[in-house]
Amino acid sequence: MEKSKYKRLGIITIFVFVIIALVLILLSNKKEPVSLTMWHVYGEQASSPMDKLVDDFNETVGSKEGIIINVTATSNSAEIGEELLDSQAKKSGSKKMPDLFFCHSGNADDLGIENLVDWEDYFTKEELKAYQEDFLDDGRVGNKLLVFPISKSTHMLYINGSMFARFSEATGLTYDDLKTWDGFFEVAEKFYEWSDGKAFCAMDYILREIELSALSEDPNLSLHNDGGWYDKDNLSFKKNFDKFMKSLVEGHIIVSDLYANTQMMTGEVPAGISSSAAVLYYNDIVTYPDNTSEDMDLKVLPLPVNKNENKFDTLAGTGLCAYKTSEDKAKACAIFAKWITESERNLDFVTKTGYMPVRPDAFKKISSMDFENNDYKELYNSLSKMQENYNFLSESYDYNKVSSFYGKLRDRQKSFVERYNKGEDLDKLIEECWQMLIG
């Protein structure tokens, strides 16, 4: 019995040592966690929806896969490009270059395509088929997919529903008249007359709407010359430019002070054309100059199009880039990119921020969603219809020149209206606007 007892103890001891040895081997073979730094552009507040997503990733898939993401800086889409270049150049005072960051395709090009991860090396062709093709194309620089779509914005027509209801009752014009640019300009003219000289719509990006109108007539139209600016001999673009400037010179539309929602909420105009993401900044109440107020009853409509032509809208917003360092980090970045763009998760994220999801199957789920905020319901109902009928086109701008032109128009648009009302020739005033653009 004693021998049997010692034998059992010996077996148990050996078994324990084997288990300890296996645990030590497993622990010694376990890789160190891959640590990634990130800069994003989705709000600098502590409750940023992107920060919450990163925390969720770290606690779930990140924990399982041995990946930790740390948000080390937040910025905005207009400034992050310059900040990244400063970081890459190790400029004094700049932060260390992040592993993951959001930027525009132009920013990615500036950083050097050889320095960035090509996402197609980490996504299969089958996986990429699940994404909006035009959204993927927007992130291609050269022949590489460097800027992966996480969310995208476009342009929408916002309407003060309360004011428009009174206008509609008096004139018989309805929201259906705003489906085409011809109808839009007719509504703007009638509103100007009905309101005793009040502009109908403030536009944040009037040049882009002119471009889209011209492209709808000829999708192969080259918008810019070799210098990257508008060609004075481009008759198709000029025709559409004149159409918009005619409405501006006559006082029916205006270039917004900066963002149209401000002028809508003060009752200066009943309509605005802005980014889909602008829905975040609308109030429920509009307060007029005489201090009266009423419900905004915001309506959000698709961007007008030319009748019987292609339906185009813009494609804006940043995408996700990964700085090329190690293979382990590149793989970790790809795991995060796939996780954050899973259909349900992506839809939940974008519908809090006014952006579009990046998968067609996510768009299809919008119709069954319950929105607590009616503004968001309006927006996403229109976006869902647009995804089926519109093509979204990438932007290509010289932002400094565009901003300069907008500044000139803002300074002179009131005087254009005054001069027109005093009898100056309409065509000459339109030509003056053209020379401001190409001069």
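**Cavity, pocket and helix contacts**

Visitor: How much space lies in the largest cavity?
Guide: This is a predicted model; local features need pLDDT of at least 70 and side-chain atom pairs 80 or more, while totals for chains, interfaces and linings use all residues. Residues are numbered from 1 along each chain, and side-chain values use heavy atoms, without hydrogens or water. A cavity is a set of points on a 1 Å grid over the protein atoms alone where a 1.4 Å probe fits but cannot get out, and its volume is the space filled by probe spheres on points joined across faces, edges and corners. One cavity reaches 30 Å³ or more, and the space in the largest cavity is about 40 Å³.

Visitor: Which helix gives the most to the lining of the largest cavity?
Guide: The lining (residues with an atom within 4 Å of a point) includes Trp-181, Leu-212, Ser-213, Ser-216 and Phe-312. It has six nonpolar, four polar and no charged residues. With three residues, the most comes from helix 10 (residues 206-217).

Visitor: Which helix supplies the largest share of the lining of the second largest pocket?
Guide: This pocket (an open set with protein on both sides within 12 Å along at least five of seven lines) has a volume of about 440 Å³. Of its 21 lining residues, Lys-179, Leu-301, Pro-302, Lys-385 and Tyr-390 lie nearest the centre. Strand 12 (299-302) and helix 16 (374-389) each supply at least two residues. The largest share, six residues, comes from helix 16.

Visitor: How many charged residues does the contact of helix 11 with helix 18 have?
Guide: Helix 11 (residues 235-249) and helix 18 (residues 426-438) pack at about 115 degrees, with their axes 9 Å apart. By class, the contact has ten nonpolar residues, no polar ones, and charged residues numbering four.

Visitor: How is helix 17 oriented relative to helix 18?
Guide: The axes of helix 17 (residues 399-421) and helix 18 come within 11 Å and cross at roughly 170 degrees. Since angles over 145 degrees count as such, that makes the two helices roughly antiparallel.

Visitor: How many nonpolar residues are in the contact of helix 17 with helix 18?
Guide: Residues of helix 17 including Phe-405, Leu-409, Arg-412 and Phe-416 meet residues of helix 18, among them Leu-426, Glu-432 and Met-436. The contact has no polar residues and four charged ones, and the nonpolar residues number nine.

Technical notes
Helices (H or I, at least four residues) and strands (E, at least two) are DSSP runs, numbered from the N terminus. Axes are lines fitted to C-alpha atoms, for helices over the stretch in contact, and angles run from 0 to 180 degrees between N-to-C directions. Ala, Val, Leu, Ile, Met, Phe, Trp, Tyr, Cys and Pro count as nonpolar, Asp, Glu, Lys and Arg as charged, and the others, Gly among them, as polar. Angles under 35 degrees count as roughly parallel, over 145 as roughly antiparallel, 65 to 115 as roughly perpendicular and the rest as oblique. Contact means heavy atoms within 4.5 Å.
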